[in-house]
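This report describes one structure for a reader who is new to it.

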Amino acid sequence: MDRTPQPATLYVILGSHACRTAMLTLEHKRIPYRTVELLTGPHPFSVRARGFAGHRAPIRSVDGGTHRTLAGMDRLGTVPALRYGDQKIQTNLEITRFLERIQPQPPLLPADPAERQAVEQAERWGNDVLQMTARRIVLAGGLHGLDAFHARANAGRLGPLLARNESIRAVSNWMAARLIFGASTTREQDLLAQLPALLDTVDRWIDAGVLNGATLNAADLMIAPSLALLAYRRDLRPQIDARPAGELLRRVLPVPAGERAAAATGP
Ligand SMILES: N[C@@H](CCC(=O)N[C@@H](CS)C(=O)NCC(=O)O)C(=O)O
C-alpha cells in the first residue's frame, strides 16, 4: 500500500459529536487535516455535491427503524466525510478502518483478537445506540429553550452547537428534533429514562478495561463525544461528571479553558 501522506480534508458541521470523533481519530493518528464546516441543514446536499457517495441503505435508526426523511438524508450522505488525496470516506467506522490501514501507528484497534473484538463491540454500540440517543436527548432538551444548555450552547467541549447564531440554533434544533430525529418533549421522558442504563454500560466497559485503558482506542473516541454532547444539558452534566464515564470524558475532551473561566466567574 502507498503510504505517502496525502492532503486530508474533513467535512463537518458545527458542534457535531459524530464529527468530533473523526477529528479525534485524525489527531490520534497525527495526520494533519483541514476542516471544512458545512452549513447545518443543507449539509447532506453539500457533502453529496462534493462527490461523496452517500449511503445506499439507511445507516441510522430512530426507535428501531428509519423513516422517509431520515433514510433520504442517509442516502444523500452524512458527515464526518473525509477526503484523503483522491479517496472519499464516510462514517466514523469506515474512517477509523481506513486510517488504521494507511497509518497503523499509533493503533486505534488492539492487535489481540479478543481485545479487538471487545473494543469493536463497544465502538459499534457507541455508533449505533449512544450517538443517536445522545443526539435525541439533547435536541429534546433544546425544545425547552437554549437555557437548557450550558452557555446556551454557544460554547463547550464541542464548540457552539448547530449554528453560531442563537436564533438559527433554536430553529435548527426544532427542525432536527421534530422533523428528523423524533425527539419531541413527549418522547423526552422515555429517552431520559434510557440514560442511566446507557451510562452504566459505559461504566462497565471502563471497569473491564475496554474503555479508558492505558491507551485510547476507537471505542473511547466514538463514545466520549456523545458524553460531551449530553453534558451540554445543565440537568445532565452532574450525573455524568460523577461517574467513571465522566473521567473518560474529561480525559478525551477536557472542558475548554474559556468555558472553565466563564463558569468560575459566571452567575
Ligand atoms: N454514525 C455515523 C453517522 C454520523 C451522523 O449522523 N452525522 C450527522 C451529523 S451529527 C449527519 O451527518 N447528519 C446529517 C443528516 O442528519 O442528514 C458516523 O458516525 O459517521
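In helix α10, which spans residues 244-252, the residues A245, G246, L248, L249 and V252 are buried, where buried means under 20% relative accessible area, exposed over 50% and partly exposed in between, with a 1.4 Å probe and protein chains only. Because these residues cover an arc of only 160 degrees around the axis, they lie on the same side of α10; the arc is taken from the directions from the helix axis to the C-beta atoms. An α-helix has 3.6 residues a turn, so residues three or four places apart point the same way. What covers the buried residues of α10 includes α1 (17-28), α7 (185-207), α8 (218-230) and α9 (237-241), with contact meaning heavy atoms within 4.5 Å. Helices (H or I, at least four residues) and strands (E, at least two) are DSSP runs, numbered from the N terminus.

This is a predicted model, in which local features need pLDDT of at least 70 and side-chain atom pairs count only at pLDDT 80 or more, while totals for chains, interfaces and linings use all residues. Residues are numbered from 1 along each chain as its sequence is written, and side-chain values use heavy atoms, with hydrogens and water left out.

The largest pocket has a volume of about 940 Å³. A pocket is an open set of points on a 1 Å grid over the protein atoms alone, where a 1.4 Å probe fits, with protein on both sides within 12 Å along at least five of seven lines, and lining residues have an atom within 4 Å of a point. Of the 45 residues that line the largest pocket, I13, H43, R60, R135 and F181 are the closest to its centre. Helix α5 gives the most to this lining, with 8 residues, and by class the lining has 22 nonpolar, 16 polar and 7 charged residues.

Rings of Phe, Tyr and Trp (its six-membered ring) pair if their centres lie within 6.5 Å, and planes under 30 degrees apart count as stacked, over 60 as edge-to-face and the rest as tilted.

| Pair | Centre to centre | Angle of planes |
|---|---|---|
| Y84 and F98 | 5.6 Å | 70 degrees |
| W125 and W205 | 5.3 Å | 65 degrees |

Y84 in strand β3 (residues 81-84) and F98 in helix α4 are 14 residues apart; Y84 is buried at 7% relative accessible area, and F98 is buried at 5%. W125 lies in helix α5 and W205 in helix α7, so their pair ties together parts that are 80 residues apart in sequence.

Technical notes:
Points joined across faces, edges and corners; volume = space filled by probe spheres on them. Nonpolar A, V, L, I, M, F, W, Y, C, P; charged D, E, K, R; others polar.
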